[in-house]
Amino acid sequence: MDRAEIVHQNFLRRVKEGDLPEVTGPSLAGSGLSADGLMALFRSQVMSRQLDRISRKLQARGQGFYTIGSSGHEGNAAIAAALRVSDPAFLHYRDAAFQIARSGQVKGQDPLWDMLLSFTASAEDPISGGRHKVLGSKALSIPPQTSTIASHLPKALGTAYAIGMSRRLPPPVAEFPDDAIAMCSFGDASLNHSTAQGAINTAGWTAFQGVPLPLMMVCEDNGIGISVPTPKGWVEASMQARPGIRYEACNGLDLVETFVKARALADWIRTRRKPGFLHVSTVRLYGHAGADVEAVYRSKSEILAQEANDPLLHTSAWLIAEGAASRDDILSIYQDLEAETESRAEEAVKRPKLHSAEQVVASLIPPTRARPASNKPTIKDREDLFGSSDMRALSEPQPMNKLINLGLADLMLRHPETVLMGEDVGRKGGVYGVTKGLQSKFGSTRVIDTLLDEQSILGLAIGMGQAGYVPIPEIQFLAYLHNAEDQIRGEAATLPFFSNGQFTNPMVLRIQGLGYQKGFGGHFHNDNSLAVLRDIPGLVIGCPSNGADAVAMYRAAVRLARENQRVVAMIDPIALLPMRDLHSAGDGGWMQHYPEEGHEILPGDLGQSGDGTDLAIVSYGNGVYLSEQARKHLEEQGVRTRVIDLRWLAPLAKDALLEALAPCKNVLIVEECRTTGSQSEALMALFTEAGLSRTARVAATDCFIATGPAYASTMPSKDSIVSAAKELFNK
């Protein structure tokens, strides 16, 4: 007999015999929870339990695909009752009872059927459309979480920040009321994850400064992380004295106590607009998941002690003590829900599944969303914003960093929901001056100086995107992204996919990176690999080579985020940000004029200089700058050359690129990123498949970048491009 069946039989036997735990909590009369309300929560607990049981049976038959259950954690139903449906809830994967209980607060919900469709990967699953078993519901303000090993805490914090900010700067389309609180739940093992610790530290750091942050963190402590025990008292010792965060604890086996403590903390958070931490003691029944054999790492006495503390037995004791139900009533509820779950499961397995790649990828790109019209600034509005100095700059050639700065100011003037955030972006104006003066123009509410934590920066952006803003976070250097890449890969990029397009977190992510900085920083400030971004499905990636293109691409990026709900990553080449000259000192050949109003460069729009057909050089970013230097040299030697600027690396404009290359006899790829995992690999494959035989590439060495005189030695140069072109001609 497996553990699930043992727990099931124990419940039936103990209720029948009246062998129930003693009721020791506060009286129901003074709790704010009625007898009917307690009964409704018990039904939620029982439904969650029966879903756990059927999930294992379905998996054994090859008809179900998820067995990480909620058994032992059903006390979180009381937390749902203590909150409002409009409070966004980022749930732990053991929180089925929470979602079921919240469903009871909204008419027309059928949580049993919805979760059965999810277990069986039905295309009719109302949250993921059959792509993943996730808790989630748009109607219930529960965004789906695909893996809640603490990775959802930063975005819950970001959502709380956005709610707190919404009274000062309401978004044009608000997703949550301005008196909502954001709730996130997680296990005791996840508390130790660096992502959780970073988010908790950021919550305290923010609240310590008096910034509104209505965030409720719920740690469901069952004392073990898969097989590794949590030291007794660790959660309390870790959290009870954190600056800026109120700590409360409750017995999660006791629904009434949990409700009282959760409601009191939620009311405090909602009133004070400060973060709180609810430490909920639970048990874990059945082991971690269906394939987990708990007896391998837990003694029999430990397992029996957990099973004796079944939260359903505790709630049964409450119901009987209050006269709300008899033992027979409880058994009837339990067995009726068991029968209903089994019967409806037989129907759920018959529902249609996803079968094709086209069906699976259909939710990768989120749907467009109607947005209020943008502001239309007058000439005076812009004069007031920019001042005389910047108004002159708008009409004169400028380097890339100044043009992006002007472009961001224009975008923020037009779109009041845009918010910049990052390390040093405010008072300092950024390491390279790209955000200089923006905080003084738009205030600290819209230009946020964050603490030094990339996970929290991206989590802030994700949460603000979900709440109705258009965030523009900055990662100061490309190498720093690796501290937080899962916030893009595992969170931001997956949300529309796993919610069937119902939830989105649009943003324009600014990353300053790539190589060629002279004598500064080594590889941490000169990182020349974009592989971590290129393989994220649905992510839009842009990399401008000059200032005018950068402004037009940022305009397009903000449009994609505002109207198409996309996550866009813009890579600003650091070495080109201050670049003025192209061929010789003082020639001003790389400065550009500010592009005219309305001009955008969307994905699919390639750049081209020259119309030669002897050689086409394909590149982006710094590679375009170097290729232009090489083109001058090659044309002086009679090689008619064109340079194709990709501009957008994902999605790659394949058809437009092949059309631009069609007249050319030879094609050379100039790749500033490391050879392995670079864009050049995809380009070579594309050209080969298209039948272009005379192709070659010059790419960076598979090595980190050095500082000092060798700073550029591992990457393409004007000379290496010319040399590679000559070799291609001599093939």
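Two strands count as paired when DSSP finds at least two bridges between them. Keep that in mind for the first stop in this predicted model.

Stop 1: Select residues 215-221 (strand E3) and 276-281 (strand E7), which run parallel and are joined by six bridges. Now widen the selection to the open sheet of five strands, ordered E1-E2-E3-E7-E6 with parallel pairing. Its edges are strand E1 (89-90) and strand E6 (246-251), each pairing on one side only.

**Stop 2: strand E8.** Select residues 418-422. Five of the five residues of E8 are buried, so the strand is largely enclosed by the rest of the structure. In a regular strand the side chains alternate between the two faces of the sheet. Here Thr418, Leu420 and Gly422 point one way, while Val419 and Met421 point the other way.

Which strands are joined to E8 by bridges? Show residues 470-475, strand E10, which runs parallel to E8 and is joined to it by four bridges. Within E10, proline 471 is the bridge partner of valine 419. Then show residues 447-449, strand E9, also parallel to E8 and joined to it by three bridges. There, isoleucine 448 stands opposite methionine 421.

**Stop 3: glutamine 476.** Move on to the loop between E10 and helix H18 (486-492), where glutamine 476 is placed. Is glutamine 476 buried or exposed? Its relative accessible area is 8%, and buried means under 20%, so glutamine 476 is buried. Draw a distance from its side chain to the backbone oxygen of glutamate 423: the value is 3.2 Å. Leaving aside neighbours within four places in sequence, the residues in contact with glutamine 476 are Glu423, Asp424, Val431 and Gln512.

**Stop 4: two positive phi angles.** Go to the loop between strand E11 (507-513) and helix H20 (531-534), and pick leucine 514. Leucine 514 has a positive phi of about 70° although it is not a glycine. At 0% relative accessibility, leucine 514 counts as buried. Tyrosine 516 lies in the loop between E11 and H20 as well. Its phi is near 75°, a positive value in a residue other than glycine. Tyrosine 516 is buried, with a relative accessible area of 14%.

**Stop 5: a cis peptide bond.** Finish at proline 651, in the loop between strand E17 (648-650) and helix H23 (654-661). The peptide bond from alanine 650 to proline 651 is cis, with omega near -5°.

Conventions. Residues are numbered from 1 along each chain as its sequence is written. This is a predicted model: local features need pLDDT of at least 70, side-chain atom pairs count only at pLDDT 80 or more; totals for chains, interfaces and linings use all residues. Side-chain values use heavy atoms; hydrogens and water are left out. Buried means under 20% relative accessible area, exposed over 50%, partly exposed in between (1.4 Å probe, protein chains only). A polar contact is a pair of N or O atoms within 3.5 Å; within protein, one must be able to donate a hydrogen and the other to accept it, and residues adjacent in sequence count only if both atoms are side-chain atoms. Contact means heavy atoms within 4.5 Å.
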